[in-house]
Amino acid sequence: MAPAADPALEQLEALIKETLASTTDPKVKDKLTKAQEIVSTASVRAKGVLNKFALDGQVAVVTGAGQGIGRSIAHALGEAGAKVAVADLEFNRAETVAAELQAKGIQSLAIKVDVSKKQECEDMVQKVLSAFGDLHIGVNNAGIVFHSDSEDTSEQEWTRTMGVNLNGVFYCCQAEAKHMLKKGYGRIINTASMSATIVNHPQRQVAYNTSKAGVVHMTKTLGTEWCDRGVTVNCISPGYVDTELNRSELLLQVRTQWLNETPMKRLADVEDLVGGVLYLTSKLSNFTTGLDLIMDGGFTCW
């Protein structure tokens, strides 16, 4: 089905056509003809492939959106036309990002959530529905990482990592899907990691790697289970990203090794990741589900 035409452009085209028919002034006719060509070109573009990335009228929730990758995704979805719920464990961070979106004219909502708690994930979705009346897109991005030798990894570190990175993603998927499945449409995107595919070094992070591998397989499982009811589930797997955490002095030597082992010889900018998310939320991804989209500058190829 072709995308709907922009009503404003249709009205403008009709007005120009009507004015052209009624005027006899050659100069006015010439200007109106040029205006008609410009509007016609804009109308074709509005009905074209770029329009299929538009999220006008849709509602999204992004967890871990108070900083880094999640913040960038929240901005991208809002700029594409969606209303955005900014969810984060740190409410002040969520409020800051929601305010940034509102300054751009994007309807947004800040929500405090601990994704490791099932009830809070369900409450998060209910807050989105109460504020915006619907939910079309869920981006489950919240995550944590600890570093330790595997023989020394504590029960607390293991349990907390799984609670946020694996359980939290499932709880969010489940809460989002309960609404989406009822109406027969939804896009769920989980943030996994290239750590699901490779073993990072020199840093040691068995809990993180295992949790992200779980996210990838969970995504494939849910993506194939729910797709015939209109809900697709996919994940992105970033490589090393140039975040504030990765710029610390403690990681300077490790960072140099990351750069040497990445074919592109640089870390990802958070903006490098939003294109994949926009694709997975768009009409162009209608036949895509269970995908693990690795965006790592070629790291996993070596």
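Modeller: A residue counts as buried when its relative accessible area is under 20%, as exposed when it is over 50%, and as partly exposed in between. The model is a predicted one. With that cut-off, Tyr-240 is classed as buried because its relative accessibility is 11%.

Trp-258 is buried, its relative accessible area being 4%.

The rings of Tyr-240 and Phe-299 meet with their centres 5.5 Å apart and their planes at 85°, so this pair is edge-to-face. Planes over 60 degrees apart receive that label, whereas those under 30 degrees apart count as stacked. Phe-299 lies in the segment after strand 7 (292-295) and Tyr-240 in the loop between strand 6 and helix 8, so the contact ties together parts that are 59 residues apart in sequence. Phe-299 is likewise assigned to the buried class, with a relative accessible area of 8%.

How many salt bridges does a search of the whole structure find? The search gives eleven. One of them joins Arg-71 to Glu-100, with the closest N and O atoms 3.0 Å apart. This pair, too, links distant parts of the chain: Arg-71 is in helix 3 (residues 68-79) and Glu-100 in helix 4 (residues 91-103), 29 residues apart. Arg-71 is partly exposed at 34% relative accessibility, and Glu-100 is partly exposed at 24%.

Glu-122 forms a salt bridge with Lys-118, the closest N and O atoms lying 3.5 Å apart. Both residues are in helix 5 (residues 118-132), and because they are four residues apart, about one helical turn separates them. Lys-118 counts as partly exposed at 34% relative accessibility, as does Glu-122 with a relative accessible area of 22%. Glu-122 also forms a salt bridge with Lys-178, where the closest N and O atoms are 3.7 Å apart. Lys-178 is in helix 6 (residues 155-183) and Glu-122 in helix 5, so this bridge ties together parts that are 56 residues apart in sequence. Lys-178 is partly exposed, with a relative accessible area of 48%. Through shared partners, the salt bridges join Lys-118, Glu-122 and Lys-178 into one network.

The nonpolar contacts remain. Val-49, Leu-50 and Leu-284 make a nonpolar surface patch of about 290 Å². Leu-50 is in the loop between helix 2 (26-46) and strand 1 (59-63). Leu-50 is classed as exposed because its relative accessible area is 67%, whereas Tyr-240 is buried at 11%.

Methods: Residues are numbered from 1 along each chain as its sequence is written. This is a predicted model: local features need pLDDT of at least 70, side-chain atom pairs count only at pLDDT 80 or more; totals for chains, interfaces and linings use all residues. Side-chain values use heavy atoms; hydrogens and water are left out. A salt bridge is a side-chain nitrogen of Lys or Arg within 4 Å of a carboxyl oxygen of Asp or Glu. Helices (H or I, at least four residues) and strands (E, at least two) are DSSP runs, numbered from the N terminus. Buried means under 20% relative accessible area, exposed over 50%, partly exposed in between (1.4 Å probe, protein chains only). Patches are made of residues with over 30% relative accessible area and no salt bridge: like charges are joined within 9 Å, nonpolar side chains (Val, Leu, Ile, Met, Phe, Trp, Tyr) within 5 Å. Accessible areas come from the Shrake-Rupley method with a 1.4 Å probe; for residues, only the protein chains shown count as cover. Rings of Phe, Tyr and Trp (its six-membered ring) pair if their centres lie within 6.5 Å; planes under 30 degrees apart count as stacked, over 60 as edge-to-face and the rest as tilted.
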